[in-house]
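Student: Could we go through this structure together, one question at a time? I would like each answer to end on the value or name I asked for.

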Amino acid sequence: MSLLIHVLACAFGLGSWVAVNGLWVELPLIVNSLPEGWDLPSYLTVIIQLANLGPLLVTLMHKLCPGPHKERVVIYTVLSIGVVSCILLAVFWDTTTVVAGASYSVAFFIITFFLSLVDCTSSVTFMPFMTQLPAKYLTTYFLGEGLSGFIPGVVALAQGVGIARCVISNQTEGNHTYGNVSISHTEYLPPNFSIEVFFAFLTVMMSVSLAAFIALNKLPRTFELSTENLMPDTEGTVSSGLDNPGADTDGVAVKGQGEGEVKGKTPKLSTYQLTFIYTLVVLVNAATNGVLPSVQTYSCMPYGNLAYHLSAALASVANPVACTVAMFFPNRSLVFLGGLSMLGAGFGSYNMAMAAMSPCPLLQGTVGGEVIIVLSWLLFTGTTSYVKVMVAVILRDRSHSALVWCGAASQMGSLVGSVTMFPLVNTYRLFKSGDFCSTQCPL
């Protein structure tokens, strides 16, 4: 039965960021159909940050009216909103409205806001809920959270999102006959299945997450969940155990077959250590959820469409792999986690440097350049994912509130990173784009 809890925890994690991840991997198709065109990502960036209102309200609720009952009501609500929003997205995503004489995707923006509200709020509700279960299930939850990005990415690749080819066309200059001029441009092939089908798939994933959450609350507890004493009694349900305040302790565990032996408390964290941990959470999430995603296209596309898709897909794979590694090889040393963060920052710096050099980065047009940029994105995602998992495990053992503030810190980092990059990319145009087939770079 312990395996069943692992499966449910993983399925529950699928609903954390599946909607936003799905929207981002589907953008190469959506932008060709909506009136905003390539400006659409900048709109979505603002909408997603506005949705951080959800985590703020939940954090205040936790401070003013703490309690697992209210937490579960919020999760039921946001997952239900997610399912309904995905259904509406599949039906109305391409509906436009005329505002001030111009067409805008008002319906798409409104639905996207509610989907973003669900995903952003998950950071401060889903993880604290998992603190009511043994620590090993938290890592499994993170595996599901990683799959919420990996699975839509794989489905998008199967759909043919962004698959392109170079086409040479002949054009005659002006009204005079000077001969034909050959122009190379990028042509995108049609997808293997429609955007509506993709959004229907997101609806299924969100429904699976809701069903898993219901099961976690209703599953009878007729077995030993773990070696931790989350319940003083031997009867009841998993949900009754979630109501037990004793689960919110600083890591006291009871082991044994009948009598049990008490295991010592986990080491207390000093103020400096907590400051370091929360600062790390803010910086890592700013990089992974705000700064680097904003420029991934500029970083990868100059190397070709294959490099971009491999970077996106393999980086998505790296997240659940890092969670699996953390499950079997945990390391709570703050020195180790700090060093691993610095290593990840090195890979991230290379990715940012290549984006700044776009459309002519280093080793463009060579196999070596493509391999390096793909590996850099893969290792950047893998190292930072491991750090985020282990920090969450450390704070989980401290208290329920510590993990709530961990979620709030991660959202603050994401907000700072996104808000910082938005004007740099969209207003000041510090990053230059170019057609892969037609851009000529100096040797």
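Tutor: Let us begin with a loop residue: Leu 363 is found in the loop between H13 and H14, where helices are DSSP runs of H or I with at least four residues and strands are runs of E with at least two, numbered from the N terminus. This is a predicted model, in which local features need pLDDT of at least 70 and side-chain atom pairs count only at pLDDT 80 or more, whereas totals for chains, interfaces and linings use all residues. Residues are numbered from 1 along each chain as its sequence is written, and side-chain values use heavy atoms, with hydrogens and water left out.

Student: Is Leu 363 buried, partly exposed or exposed?

Tutor: The classes rest on relative accessible area, with buried meaning under 20%, exposed over 50% and partly exposed in between, using a 1.4 Å probe and protein chains only. Leu 363, whose phi is positive, near 60°, although the residue is not glycine, has a relative accessibility of 45%, and therefore counts as partly exposed.

Student: Which peptide bond is cis, with omega near 10°?

Tutor: The proline involved, Pro 359, is found in the loop between helix H13, residues 334-356, and helix H14, residues 367-398. The cis bond is the one from Ser 358 to Pro 359.

Student: What is the relative accessible area of Ala 100?

Tutor: Ala 100 is found in the loop between strand E1 (97-99) and strand E2 (102-104), and has a positive phi of about 55° although it is not a glycine. Ala 100 is classed as exposed because its relative accessible area is 83%.

Student: Which residue's side chain is joined to that of Thr 140 by a polar contact of 2.6 Å?

Tutor: Thr 140 lies in helix H7, which covers residues 135-159, and counts as buried because its relative accessibility is 4%. Leaving aside residues up to four places away in sequence, Thr 140 touches His 6, Ala 9, Cys 10 and Met 327, a contact being heavy atoms within 4.5 Å. A polar contact is a pair of N or O atoms within 3.5 Å; within protein, one must be able to donate a hydrogen and the other to accept it, and residues adjacent in sequence count only if both atoms are side-chain atoms. The side chain joined to Thr 140 in this way, at 2.6 Å, is that of His 6.

Student: What percentage of the residues of the protein chain count as buried?

Tutor: The protein chain has 15 helices and 6 strands. Of its 443 residues, the share that count as buried is 47%.
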